Structures are given as structure tokens and as C-alpha cells.
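Trainee: Could you take me closely through one part of this model, the packing of a pair of helices?

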Amino acid sequence: MRAMDYIEISGKTKEEAIIKASMQLETPSDELDIQVVSEGSKGFLGFGSKPFVIRASKKEAEKEIQTEERSAVEDEEKVEPEKVENQQIGEQQREEKSAEQTMPAKDRTREYRRRENRQIEVITDEAQIEEVKKRAEEFLSQVFEAMGIEVHMESVYNSTDGSLCIDFSGENMGVLIGKRGQTLDSLQYLTGLVLNKGANVYVKVKLDTENYRARRRETLENLARGIAYKVRKTKKSVVLEPMNPYERRIIHSTLQGNRNVETFSEGEEPYRHIVVKPKGR
């Protein structure tokens, strides 16, 4: 592994270190190259203990897929702003932030390309639905155990769009949300990969806690309207902070009917951002 290709992660056990690496690299563990740096030790009565250390990197095939996914995201954003809202209704059912989030567009592209023959349909068999819930919760329980936090999960299968919605509750849920929802998005992305690996029926995973998704969407919509007012008054363009593809679509769709401003995205991921400028300039 070249230095630029891998990350070094430590954990109490090898399994914990691998889970952490999988989350940080946003890649399932079976698509990582793992190299053990130190097996660690428990020490004596807790003294002198050393963590398990690994080096991890994405396998070459995974890197190629993600390069294609970035191109797909950029192609998706070339769609005219007025068409964005209709895309959201069809693809997101208008209720998500994110997750398909930083990973949503990526999730869809990855799954469609790698499992072209898989059916995307609603599961009607109750036993199969319970199995899906069980697999998702077992994976997440392992992650939370590795993180050292106690989380209660409530899973509901949505027969309208074939999605599995899992809501978390517990103390300090901000840890699971992360900065601008990045941790929650990563968990959602990984859970989707685990749940759909080798499956014939695709299940879209939606993770949320403390109604974060709806609150974030409302925040972005208010931000968009506030920025539009500022641009109209000052006649000057405003550059917003970098956002993931889903959040950029929220901004675009909120302002797509505005008579005074127009929006466009520029820059490269992960620094791609929206510019709001006076219409006609």
C-alpha cells in the first residue's frame, strides 16, 4: 500500500478497527485491503494495554467504481434547475436530506451499475421484511458496540417506496449525526451496502435521529430563501459553503421558481458548492 492510499486505524479488537476503517472510507469491509500493523495486547489488569492497529485502503476495483460515481453525480447536476424538483419527487419521495446524502446519488449509481439485474420492488412477505430489519439492526448494533454507545432502534418498512426507515434514540445522538449529518450519512450508506449485498430485491435505507432529516431540510430551505433576498437587495452573487449532492438539490429546487435569482454548482467534490446570482447577470 502506498502512503497516500491507506489510513491507519486503531481499535480494541481487529473487528472494531475494521468497522472504523469501513466507516471512514465509506466502503464495506470485504472491499478493503487490510494490513495488520499491531495486534495489540490486553496488558495486566488493564495496565499497559495496547490497541489493535491496522492499515486499510480501498481495493482498486472499488476506487474505479467510485470514480465513475463522481462522474455520475456531476452529470446529474447538469440538469436544468427547473427539472430538479421533479427529480427529487421521483427519486427521493421529497422527504430526504441526505442520506442519499453525500451518498445518495452515489448509492443509487453504485447499486444500479453493480447489480443491473436486481429487481427494485416492494417486499410484501412479512417474514422477509422481518429478516431485512434483523440484518440491518444486527449490523448497526455491531457498529454502535464498537463506538461504545447505547442506541435504541425502531425499524419500519415503507411499502410505498420499498425503503427501510430506522430511527435512533438515546443519549447524545449528536455523535451519530456528526458535522452536517456526515456520520449519519456514512452509517446509512454502509448499512445499505451490507443489506443489499447479494440481494435480489433492493431495499433503500433511511436512517434518522431526533428528526434531523426534516430539520436539516427546513434549515436549507430557509437558508436558500434568505440568500435569495440578500442577492436581490445587493445585486451581488453569493457563494455558499460546500454541500453534498442531495443538499445542493434542495437549494436548487427551493429557488428554481424565483424570479430574481438563479443558481448553479461549481467546483470539484468534496468542495463543490452553489452560487446564487442575480438573474440575467
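Mentor: Of the contacts in the chain with a separation of 6 or more, 67% join residues 24 or more positions apart, a contact meaning heavy atoms within 4.5 Å. This is a predicted model, in which local features need pLDDT of at least 70 and side-chain atom pairs count only at pLDDT 80 or more, while totals for chains, interfaces and linings use all residues. Residues are numbered from 1 along each chain as its sequence is written, and side-chain values use heavy atoms, with hydrogens and water left out.

The chain holds 9 helices and 9 strands, taken as DSSP runs (H or I of at least four residues for helices, E of at least two for strands) and numbered from the N terminus. For the close look, take helix H8 (residues 212-234) and helix H9 (residues 245-255), whose axes come within 9 Å and cross at roughly 50 degrees; axes are lines fitted to C-alpha atoms, for helices over the stretch in contact, and angles run from 0 to 180 degrees between N-to-C directions. H8 is therefore oblique to H9, since angles under 35 degrees count as roughly parallel, over 145 as roughly antiparallel, 65 to 115 as roughly perpendicular and the rest as oblique. On the H8 side the contact is made by Arg216, Arg217, Leu220, Glu221, Ala224, Arg225 and Ala228, and on the H9 side by Tyr246, Glu247, Ile250, Ile251, Thr254 and Leu255. These residues divide into 7 nonpolar, 1 polar and 5 charged, where Ala, Val, Leu, Ile, Met, Phe, Trp, Tyr, Cys and Pro count as nonpolar, Asp, Glu, Lys and Arg as charged, and the others, Gly among them, as polar.
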